Amino acid sequence: MARTFRNGPLLACIAILLTACGGGEGSAPAPSEPAAQTESTTAAATAPAASPAAGGEQVLNIYNWSDYIAEDTIANFEKETGIKVRYDVFDSNEVLEAKLLAGNTGYDIVVPSASFVARQIQAGIFQPLDISKLPNYKNLDPEIMKILAGYDLENKHIVPWLWGTTGVGYNVAKIKERMPDAPLGSWDMIFKPEILSKFKDCGIALLDAPSESFPTALRYLGLPTGSQKPEDLAQVEALLMSIRPYIKYFHSSQYINDLANGEVCLVLGWSGDVFIARDRASEAKNGNEITYYVPREGSLMWFDTMAIPKDAPHADNAHKFIDYVLRAEVAAAITNYVNFPNANAAATPLVNAEIRNDPSLYPDAETRQNLFPNVVNTPTFDRLVTRTWTRIKTNQ
Ligand code: SPD
């Protein structure tokens, strides 16, 4: 039976887009993240040439998150359609947004997080989807579509790619060896300096994204997760500066391999990515046991979505690819490869049971009670956040 997505509190929270969840004062949801690479090109890669709309050209340019697709997704699509795909990757919403705002990217499909989409739609960056070209749209989970309508009124511009949570990944033996009674299950593992000091020698990494660490730190401090108050941000800065001496690096994709090969032992990371690290360690048979949890104090839940830029040169091919990904078997194969849940209700029975029944990937009802979305910061607060984040990263 198709799994449905039930999240009353989160839905209610997102429904009030202009009131930050958790009692904060932000506006619509909005986060941010950092950059990486995998397949063919990196975030810094030159975008495809934005030639004038090339009629029936059998080409499709996609810009997606790194480590976010099955090995054969693109090859199968190319074989089936004869369309040649150029696939570039990033690991930061900010990198993607900067390109989109500059315009003329040459990309036909991009994959922003829903919380970024709200302001990108306002900026007129995307074209409405032609749902008549998406017969598999019916496979989408209506509960998740309701959530997305909080970012994209009437679900006109985006369809979900994958979703997930932000939490703690760690190397079981290395943590246990250094602290047998480590406060696993809690944000203390990331935000309590006296705990972090015990793990400095085995490597601690944080996502390079204020939109991940600030709301989670606010939650840890018992403050509204959507707060727009400079004084709350000052508390977050003090907290993050207190753990700064123990952080090896800030990066949003490097930690996958580093966790797998033992270069780091503790990370603030994204759910599926930590499981990719677990799988890589197990394939390498290097003895590193990696696991992940959503802290009991609560954490972020987010949705990454496909959208077609207004100036996409091959919008028709983009619709073909989106519809292909909306097939149950294609969506399930992607989840089975990268571990992140999809929003395709018809795909659920095809997702490996060990993924679909794992509450750290598909959060159970209790965990979901404590999940919250990013809010869209006011431009003034956003500038403050950026400056604060730079001070934290540069340790100044
Ligand atoms: N490797 C893929 C990671 C995708 C992460 N999406 C980020 C969402 C952030 N809120």
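This is a predicted model: local features need pLDDT of at least 70, side-chain atom pairs count only at pLDDT 80 or more; totals for chains, interfaces and linings use all residues.

**Nonpolar core**
- The largest nonpolar core has 112 residues, and Ile109 and Leu259 are the ones that touch the most other members.
- Leaving aside residues up to four places away in sequence, Leu259 touches Gly169, Asn171, Val264, Val267, Val274, Ala277 and Ile290.

**Helix H3**
- Helix H3 spans residues 93-102, and because seven of its 10 residues are buried, the rest of the structure largely encloses it.
- The buried set includes Val95, Leu96 and Leu100, but Glu94, Glu97 and Lys99 are also on the list, as is Asn93.
- Those buried residues pack against strands S1 (59-65), S2 (84-90) and S3 (109-110), plus helix H4 (114-122).
- Just past H3, Gly103 adopts a positive phi of about 80°.

**Helix H5**
- In H5 (residues 142-149), the buried residues include Ile144, Ile147 and Leu148.
- These three sit on the same side of H5, because they cover an arc of only 100° around the axis.
- As a rule, an α-helix has 3.6 residues a turn, so residues three or four places apart point the same way.

**Ligand shell**
- The ligand is surrounded by 11 residues, with Trp65, Asp67, Tyr68, Ser113 and Trp302 the closest.
- By type, the shell around the ligand splits into five nonpolar, two polar and four charged residues.

Key. Residues are numbered from 1 along each chain as its sequence is written. A nonpolar core is a set of buried Ala, Val, Leu, Ile, Met, Phe, Trp, Tyr and Cys residues joined through C-beta atoms within 7 Å. A residue is buried if 20 or more other C-beta atoms lie within 10 Å of its own, exposed if 12 or fewer, and partly exposed in between; C-beta atoms are placed from the backbone. Two residues are in contact if their C-beta atoms, placed from the backbone, lie within 7 Å. Helices (H or I, at least four residues) and strands (E, at least two) are DSSP runs, numbered from the N terminus. The arc is that of the directions from the helix axis to the C-beta atoms. A residue is near a molecule or strand if its C-beta atom, placed from the backbone, lies within 6 Å of it. Ala, Val, Leu, Ile, Met, Phe, Trp, Tyr, Cys and Pro count as nonpolar, Asp, Glu, Lys and Arg as charged, and the others, Gly among them, as polar.
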